Amino acid sequence: MTLKLPIAVKERTIDTPFTYFKYDSDEDDFVVPFHYHEGQQLFRVIEGSVSISINSNPFVLKKGDCAIVPENCVHALYPLEKGTKFESVAFSLRELFDLSQSHYSLIKKIITHQIEISLYYNNKDNKSITEVAEQLTRVVNSNDMCASIMATAKVLELFGEATKLDNCKIYDRDQVNRYYKYYIKSTVIYKYICDNYRREVTLEELANAVELSEKYFCKFFKELTDLRPMEFVNMFRIEAAAIELAISTDSINEVASRCGFKDPCYFTKLFRRFKGASPRDFRESIPNHFTK
């Protein structure tokens, strides 16, 4: 059976590389399944709360909170309560700005991870960010003839404010090359797992994907995630299964099989471990039309 994903409530694209989406869990049972893409994406919660994962980093976003997903990062999102509404703006910093120009050096350093900004901003402590995020979504979704110019200005303001925060990391020249190589390898492996988790995945092929020996890869991966590689693959499968449970009426066994588990009992055991509830109880706790 092919899983049918729901469609965003609203989508609007203006002339520059901005795309606006708005999702309403009560109307569409909408989730954002695991995926990755070129360019960046801003998510903002309008009402309720959502669970979001960005390259294995989980967060809960509540009303007014926002998250910024870097390019090529594997991410997914689903609502945690009824009445949840959230929106997003997708854009490309590489397309918006001429990175050869010196006045865009800050943007270039963010893209190349010489400057590392936070992924998550809560509305209580980061008003300077969340207010700009709200303004950006409003501008992109407007009919104003100057929307593209105003949205571009808001993107600059958003990232400028993000670099002012204490949790922003700036790497010196000696650190940049090592960190960038580390980041690239981590992105490659997350994308590889995202593309292949539905089938059997071996340690050898994971190591080969980033051109490391199995021994060194296990060390690298443990530093990256604090988990063993196959343990992480199973955790990823569970997160993917959780999303499918939220948006389909398929049996639990069908979902388990589709997410790479041959043994339903083992799937249930791991699901309890990673999600703190059985697959059935989890499905009933997530807001959708099937449990109303």
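Leaving aside neighbours within four places in sequence, Ser53 is in contact (heavy atoms within 4.5 Å) with Phe34, Pro58, Val74, His75 and Ala76. The model is a predicted one, in which local features need pLDDT of at least 70 and side-chain atom pairs count only at pLDDT 80 or more, while totals for chains, interfaces and linings use all residues. Residues are numbered from 1 along each chain as its sequence is written, and side-chain values use heavy atoms, with hydrogens and water left out. Ser53 belongs to strand β5 (residues 49-54), where strands (E, at least two residues) and helices (H or I, at least four) are DSSP runs numbered from the N terminus. With a relative accessibility of 13%, Ser53 counts as buried, a term that stands for under 20% relative accessible area, with exposed over 50% and partly exposed in between (1.4 Å probe, protein chains only).

The secondary structure of the protein comprises 12 helices and 12 strands, and buried residues account for 52% of its 292 residues. Of the contacts between residues at least 6 apart in sequence, 69% join residues at least 24 apart.

Helix α8 (residues 214-225) has 12 residues, which at 1.5 Å a residue should span 16 Å, in agreement with the 16 Å between its end C-alpha atoms; the expected span is 1.5 Å times one less than the number of residues. Phe217, Phe220, Phe221, Leu224 and Thr225 are the buried residues of α8. These residues lie on the same side of α8, because they cover an arc of only 105 degrees around the axis, the arc being that of the directions from the helix axis to the C-beta atoms. An α-helix has 3.6 residues a turn, so residues three or four places apart point the same way. The face of α8 turned away from the buried side carries the exposed residues Lys215, Lys219 and Glu223, and just after α8, Asp226 adopts a positive phi of about 65 degrees.

Helices α9 (residues 229-247) and α11 (residues 264-275) pack at an angle of about 90 degrees, with their axes 10 Å apart; axes are lines fitted to C-alpha atoms, for helices over the stretch in contact, and angles run from 0 to 180 degrees between N-to-C directions. The two helices, α9 and α11, are therefore roughly perpendicular to each other, the class for angles of 65 to 115 degrees, whereas those under 35 count as roughly parallel, those over 145 as roughly antiparallel and the rest as oblique. Residues making the contact include Met235, Ile238 and Leu245 of α9 and Phe267, Leu270 and Phe274 of α11.
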